[in-house]
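Please read the following briefing alongside the sequence and the coordinates.

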Amino acid sequence: MSKKVVMFEYEKETKNSVRFKEVPEEGTAPVVGTLYVQKWFAGSSKSIEITIDKKD
């Protein structure tokens with residue numbers, strides 16, 4: 001089992017959600033890419049952090 005913390009930064013607002021783009025660590029490929037979060041939860045956040053827990 002391994003955990004990965006992925007950082008995202010604000011990209012743009014859509015009708016009902018906020019689009020965030022992944023900020024990959026230098027020299028690595030993106031893990032998720034683009035993430036849509038509902039406006040009621042995202043609020044005015046300019047960055048978010050997601051933890052992925054991979055179960056083997």
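S1 and S2 form a hairpin with three residues between them, strands being DSSP runs (E) of at least two residues, helices DSSP runs (H or I) of at least four, and both being numbered from the N terminus. S1 covers residues 2–13 and is joined to S2 by six bridges, the two strands running antiparallel; strands count as paired if DSSP finds at least two bridges between them. The model is a predicted one, in which local features need pLDDT of at least 70 and side-chain atom pairs count only at pLDDT 80 or more, whereas totals for chains, interfaces and linings use all residues. Residues are numbered from 1 along each chain as its sequence is written, and side-chain values use heavy atoms, with hydrogens and water left out.

**Sheet**

- The four strands make up an open sheet in the order S3-S2-S1-S4, with antiparallel pairing.
- S3 and S4 (47–54) are the edge strands, each of which pairs on one side only.
- From one strand to the next the twist averages 40°, where axes are lines fitted to C-alpha atoms (for helices over the stretch in contact) and angles run from 0 to 180 degrees between N-to-C directions.
- In general, the strands of a sheet pair through backbone hydrogen bonds, either parallel or antiparallel.

**Pairings within the sheet**

- Between S2 and S3 (residues 34–38), which run antiparallel, there are five bridges, and Lys21 has Thr34 in S3 as its bridge partner.
- S1 and S4 pair over eight bridges in the antiparallel sense.
- Phe8 stands opposite Glu22 in S2, and in S4 the bridge partner of Phe8 is Ile48.

**Strand S2 and Arg19**

- S2 (residues 17–23) is largely enclosed by the rest of the structure, because five of its seven residues are buried, that is, under 20% relative accessible area, with exposed meaning over 50% and partly exposed in between (1.4 Å probe, protein chains only).
- Arg19 lies in S2, and, leaving aside its neighbours within four places in sequence, Arg19 is in contact (heavy atoms within 4.5 Å) with Glu9, Tyr10, Glu11, Lys12, Thr34, Leu35 and Tyr36.
- The side chains of Arg19 and Tyr36 make a polar contact at 3.3 Å, the term denoting a pair of N or O atoms within 3.5 Å, of which, within protein, one must be able to donate a hydrogen and the other to accept it, while residues adjacent in sequence count only if both atoms are side-chain atoms.

**Trp40**

- Trp40 lies in helix H1 (residues 39–42) and counts as exposed because its relative accessibility is 73%.
- The C-alpha atoms of Trp40 and Val18 are separated by 9.5 Å, the two residues being 22 residues apart along the chain.
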